[in-house]
Amino acid sequence: MGKAGIKAAKIDFPFFKTLHSLATRIGGGRFSLMSTKHRYQFDPQITVKEEWVSKGEPTSIVERPEHPILDAWSLAIQKKIKFDPDIFDTREMLSEFFNINITNEELPKYTVSYIKAYLEFKKVNRLIDFDDVLIRVIDFDKVKAEKFPEFDILIVDEAQDLSNLQWDFVDRLVVKSKQVYLSGDDDQAIMETFGAAPDKFTSYLTNINDLCLETSYRVPESVKNYVDTGVMKDIEKIPSRVDKKWQSSENLKEGLILYQETKKISDEHITNNPKFEQRIFGLKKGFSEEVEVNVTDIDPNQLMEHIFKRQNEEWLILCPTNATAEKFSTGMKHHYEIPHFLKNKPILNANPSLHNINIRTIHTSKGLGADNVAIVCDRVKDIQMLGDENPKLAYVALTRAKRNLFPRVVNVGIYSDANKYCRLDLKRFLYRFPKPKYKKIDKNNPTNNNHNNIDDFF
């Protein structure tokens with residue numbers, strides 16, 4: 001939906017909202033929402049991170065507070081579990097807050113004291129945060145049923161990412177609605193570490209059978225074939241997974257899986273040219289397990305060179321970690337001077353109407369897609385995240401491409417380091433992100449050694 005469509009939706013559909021804003025509208029009460037000023041007043045050590053909700057729009061900036069103790073407290077509330085005060089690496093900040101020297105053995109006690117001080121600060125100043133809003137709005141005594149709007153149709157999108165506490169709020173909305181649609185995909189439930197409870201979505205009691213989107217509107221045939229060859233095999237092994245089948249887009253038959261290849265040149269070329277190996281980007285119209293070349297991985301610098309030549313196209317650069325996203329953006333900015341967006345923030349005065357290069361973490365890429373998608377791994381942590389026990393993060397990353405996919409953009413040396421420190425994660429990563437196998441050229445039948453013409457793409 002474009003900007004005009006979103007603005008029209010807000011007029012025609014006044015309840016077109018996030019759960020946060022809807023809960024605040026229904027049950028905010030006479031309290032004030034905590035701001036950056038209030039948090040800094042309570043504890044100057046609370047950091048605030050700016051997030052651009054809409055690409056290139058300064059008015060969409062929101063502030064996200066970050067603090068290890070308060071983050072753990074909020075996570076426990078959202079998951080509706082007992083708070084664990086044993087939090088790593090908080091001794092210095094607690095000592096600073098209480099102005100005493102706290103030992104490691106005393107940390108749990110002072111962590112609890114810190115939370116009590118935070119709750120008292122909010123009470124004295126009549127302040128609430130998002131967790132308080134949800135706790136209040138699901139309390140039948142504080143917010144009566146008549147304050148909830150009545151909906152003819154209630155649509156809850158990305159339902160697999162809701163927390164237990166948010167589901168309690170949805171339950172109250174459902175009671176006042178005539179028809180309810182819960183939309184989501186448990187295969188894309190990548191927010192569990194942030195409190196999401198996808199099992200609540202998959203087990204929610206309904207009175208009609210599930211409606212499955214059988215055909216993708218975004219993923220082309222080549223990308224679907226690649227997903228099926230690797231990560232999908234791990235996805236299908238998830239014990240609690242809802243069984244589903246889907247096909248690639250009926251309208252997107254074109255599409256390529258791109259690698260860097262060492263092309264084996266003919267004997268005649270070797271005779272006339274001592275440099276008989278020529279490195280090119282490989283094009284695969286459909287992922288196959290055997291090709292006539294030795295396939296290697298593109299590294300981040302080579303990808304930047306490639307983007308530099310095709311700046312007018314739509315790009316989505318996906319990184320498992322914030323550090324890798326920021327490093328890639330720095331390279332684009334300082335070495336190539338390419339205007340782009342880093343998590344929607346404009347770099348080098350990027351203009352949304354002129355520039356279509358967006359660098360995101362995989363966790364913030366939900367719902368997005370682009371003609372060209374590259375998955376970048378710059379550090380061992382990236383391999384660990386894509387190769388851990390849960391294959392869903394890899395699945396989400398690999399299903400963003402609408403045309404061309406660069407599945408493995410890996411920094412030199414990462415594989416050897418990962419093999420030392422997280423061999424199992426590396427093994428799973430290589431399984432989920434397969435590359436074509438090497439097959440020797442048939443010298444007796446040169447016609448079988450033809451490659452796709454790369455001139456049309458590069």
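Which residues does L398 touch, not counting residues up to four places away in sequence? Select L398 and show its surroundings: you'll find V223, Y226, V227, V231, I375, L405, P407, R432 and F433. Here, a contact means heavy atoms within 4.5 Å.

Before we move on, a word about what's on your screen. This is a predicted model, where local features need pLDDT of at least 70, side-chain atom pairs count only at pLDDT 80 or more, and totals for chains, interfaces and linings use all residues. Residues are numbered from 1 along each chain as its sequence is written, and side-chain values use heavy atoms, with hydrogens and water left out.

**Stop 1: the cores**

(Helices, H or I with at least four residues, and strands, E with at least two, are DSSP runs numbered from the N terminus.) A nonpolar core is a set of buried Ala, Val, Leu, Ile, Met, Phe, Trp, Tyr and Cys residues joined through side-chain atoms within 4.5 Å. Buried means under 20% relative accessible area, exposed means over 50%, and partly exposed is in between, using a 1.4 Å probe and protein chains only.

**Stop 2: L134**

Is L134 buried or exposed? It counts as buried, because its relative accessibility is 0%. You'll find L134 in helix α7, residues 130-137. Show its contacts beyond four places in sequence and you get A23, Q78, L165, Q166 and F169. Then try a distance label from L134 to I26: they are 108 residues apart in sequence, yet 10.0 Å apart in space, C-alpha to C-alpha.

**Stop 3: K80 and its partner**

Go to K80, in the loop between α4 (68-79) and α5 (91-98). Its phi is near 60°, a positive value in a residue other than glycine. Most residues other than glycine have a negative phi.

K80 also forms a salt bridge with D168, with the closest N and O atoms 2.7 Å apart. A salt bridge is a side-chain nitrogen of Lys or Arg within 4 Å of a carboxyl oxygen of Asp or Glu. D168 sits in helix α8 (residues 164-175), so this pair links distant parts of the chain, 88 residues apart. D168 counts as buried because its relative accessibility is 17%.

For another positive phi, jump to L348, where the value is near 60° as well. L348 is in the loop between β13 (345-347) and β14 (357-361), and at 35% relative accessibility it counts as partly exposed.

**Stop 4**

How many salt bridges does a search of the whole structure find? The search finds 25. Side chains of opposite charge can pair when their charged atoms come close.

- Select K366 and D161: their closest N and O atoms are 2.9 Å apart, and both residues are buried.
- Select K343 and E326: here the closest N and O atoms are 4.0 Å apart. K343 is partly exposed at 22% relative accessible area, and E326 is partly exposed at 40%.
- Select D185, D186, D187, R241, D243 and K244 together: they are linked in a network of salt bridges.

**Stop 4: out to the surface**

I155 belongs to strand β5, residues 151-156, and counts as exposed at 59%.

**Last stop: confidence**

Finally, colour by pLDDT, the predictor's confidence in each residue, from 0 to 100. The chain's mean is 87, and 85% of its residues reach 70 or more. Over residues 265-279 pLDDT stays under 50, and over residues 439-443 it is below 50. Where pLDDT is low, the predicted coordinates should not be read in detail.
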